[in-house]
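Please look over the sequence and the model below before reading on.

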Amino acid sequence: MFEIGKRYEIRMIIGGDETAMWRTVEKYEHPMVKFATEHFDADKYFSASTTPGEIVNVTSPNFISAVEDAEKPIPDRLKPGTPPKT
């Protein structure tokens with residue numbers, strides 16, 4: 001279902017609401033998928049942020065769907081940026 005290194009739009013129920021997020025797959029062993037840590041550059045609406053990698057059970061009733069980015073373009077504000085220098 002998932003390919004390592006590809007980006008997907010993930011839809012899940014979080015806190016009772018359906019939520020969409022873009023994530024890159026770092027590792028996949030059914031039913032668990034690990035998403036990579038990503039950094040997002042600031043723009044005029046959002047400050048820079050880093051989203052830590054997450055592990056999701058795709059058999060969970062809260063997991064709704066995953067659509068590969070080739071099928072649906074990523075909105076500019078959700079494209080990953082350059083990680084901050086440490």
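What follows is a short account of the strands and the aromatic pairs.

This is a predicted model, in which local features need pLDDT of at least 70 and side-chain atom pairs count only at pLDDT 80 or more, while totals for chains, interfaces and linings use all residues. Residues are numbered from 1 along each chain as its sequence is written, and side-chain values use heavy atoms, with hydrogens and water left out.

**Sheet**

- Strand β3 (residues 32–35) pairs with β6 in the antiparallel sense over three bridges, and M32 stands opposite N57 in β6.

**Aromatic rings**

- The whole structure holds three aromatic pairs, counted for rings of Phe, Tyr and Trp (its six-membered ring) with centres within 6.5 Å, planes under 30 degrees apart being stacked, over 60 edge-to-face and the rest tilted.
- F2 and Y8 form an edge-to-face pair, with 5.0 Å from centre to centre and 75° between the planes.
- The ring centres of F2 and F35 are 6.5 Å apart and their planes stand at 80°, so this pair is edge-to-face.
- Because F2 lies in the segment before β1 (7–14) and F35 in strand β3, their pair ties together parts that are 33 residues apart in sequence.
- F2, Y8, Y28 and F35 form one aromatic cluster.

**Burial**

- F2 counts as buried at 8% relative accessibility, and F35 is buried with a relative accessible area of 2%, where buried means under 20%, exposed over 50% and partly exposed in between (1.4 Å probe, protein chains only).

Notes: Two strands pair if DSSP finds at least two bridges between them. Helices (H or I, at least four residues) and strands (E, at least two) are DSSP runs, numbered from the N terminus.
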